[in-house]
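Please open the model in your viewer and keep the selection tool at hand. The tour below goes from one selection to the next.

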Amino acid sequence: MEERQQMSNKVIENLYYTKSDEWLKVEDDVGTIGITDYAQDQLGDIVYLEKVEKGKKLIQNEILTTIESVKAVSDVKTPVTGEVTESNVKVIEDASIINKDPYGKGWIAKTKIDNKDELKDLMSAQEYSEYRKE
């Protein structure tokens, strides 16, 4: 009989989530973007994050950046349409921060949200938890 490890990845309330495992924190018209605890767990040790250029304009679900771990290279998509206003320099210098604190110090970029209607395309913490139950 195969023993299955029960994973209890953190999901934070009051954030929005995507099916591709990004999170979005909304403060006024600024969205902070990162990857979920589940995503960092699946990736394993994260070794590199491609710098996100300030001023870059992205459409919802477009590739924001690329993240590399010892296991894989993955795209990080933008949950909402907008313009990048800030990039987290600390995770560019030390991508392992994302493993340690994916919802805090491990944020990736901030964007000015163009269309708040897009938020209804995203999942709540509860919906994301249900989606990720395996």
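What follows is a walk through a predicted model, from its sheet to its aromatic side chains, its salt bridges and a patch on its surface.

**Stop 1: the sheet**

Show the strands as a cartoon. Six of them make up an open sheet with antiparallel pairing, and the order across it is S1-S2-S3-S9-S8-S5. The edges are held by strand S1 (16-17) and strand S5 (57-58); each has a single partner strand, so one side of each lacks a neighbour in the sheet.

Select S5 together with S8. The two run antiparallel and are joined by two bridges. For a landmark here, pick Lys57, which stands opposite Glu83 in S8.

Move on to strand S8 (residues 82-87) and S9, an antiparallel pair with five bridges. Gly82 is found opposite Ile113 in S9. On the other flank, S3 and S9 are also antiparallel, with four bridges between them.

**Stop 2**

Which residues are on the covered face, and which on the uncovered one? Ala109, Thr111 and Ile113 are on the covered face, while Lys110 and Lys112 are on the uncovered face. In a regular strand, side chains alternate between the two faces of the sheet.

**Stop 3: Thr36**

Select Thr36, in the loop between strand S3 (30-35) and helix H1 (37-43). Is Thr36 buried or exposed? It counts as buried, because its relative accessibility is 0%.

Next, display what surrounds Thr36. Apart from neighbours within four places in sequence, its contacts are Tyr17, Asp21, Glu22, Trp23, Pro102, Tyr103 and Tyr128. Several of these names come back at the next stops.

**Stop 4: aromatic pairs**

Show the aromatic rings. The count of aromatic pairs is three. Begin with Trp23 and Tyr103: the ring centres are 5.9 Å apart and the planes meet at 45°, so this pair is tilted. Trp23 belongs to strand S2 (residues 22-27), whereas Tyr103 sits in the loop between helix H3 (97-100) and S9, so the pair ties together parts 80 residues apart in sequence. Trp23 is buried, at 2% relative accessible area, and Tyr103 is buried as well, at 15%.

Then go to Tyr128 and Tyr131. Their ring centres are 6.4 Å apart with the planes at 40°, so this pair is tilted too. Both residues lie in helix H4 (residues 125-131), three residues apart, or about one turn of the helix. Colour by accessibility to tell them apart: Tyr128 is buried, with a relative accessible area of 1%, but Tyr131 is partly exposed, with 33%.

Tyr17, Tyr128 and Tyr131 form one aromatic cluster. Tyr17 and Tyr128 were also among the contacts of Thr36.

**Stop 5: salt bridges**

Switch to the charged side chains; the structure has five salt bridges. Select Asp21 and Arg132, whose side chains meet in one of them, at 2.9 Å from N to O. Asp21 is in the loop between S1 and S2 and Arg132 in the segment after H4, so this pair ties together parts 111 residues apart in sequence. Asp21 counts as buried, with 10% relative accessibility, and it too is a contact of Thr36.

For a second salt bridge, select Lys133 and Glu130, with 3.1 Å from N to O. Lys133 is exposed, at 58% relative accessible area, and Glu130 is partly exposed, at 48%.

Another salt bridge joins Glu27 and Lys25, where the closest N and O atoms are 4.0 Å apart. Here Glu27 is partly exposed, with 38% relative accessibility, as is Lys25, with 37%.

**Stop 6: a nonpolar patch**

Finish with the surface display. Which residues make the nonpolar patch of about 290 Å²? Select Val47, Tyr48 and Val70, which form it. Tyr48 is part of strand S4 (residues 46-49). With 38% relative accessibility, Tyr48 counts as partly exposed.

Technical notes. Residues numbered from 1 in each chain as written. Predicted model: local features only at pLDDT ≥ 70, side-chain atom pairs only at ≥ 80, totals over all residues. Heavy atoms only, no water. Patch = residues over 30% accessible without salt bridge, like charges linked within 9 Å, V, L, I, M, F, W, Y side chains within 5 Å. Areas by Shrake-Rupley, 256 points an atom, 1.4 Å probe, with all protein chains shown as cover. Buried < 20%, exposed > 50% of the residue type's maximum accessible area, 1.4 Å probe, protein only. Contact = heavy atoms within 4.5 Å. Pairing = 2+ DSSP bridges. Phe/Tyr/Trp six-rings, centres within 6.5 Å; stacked < 30°, edge-to-face > 60°.
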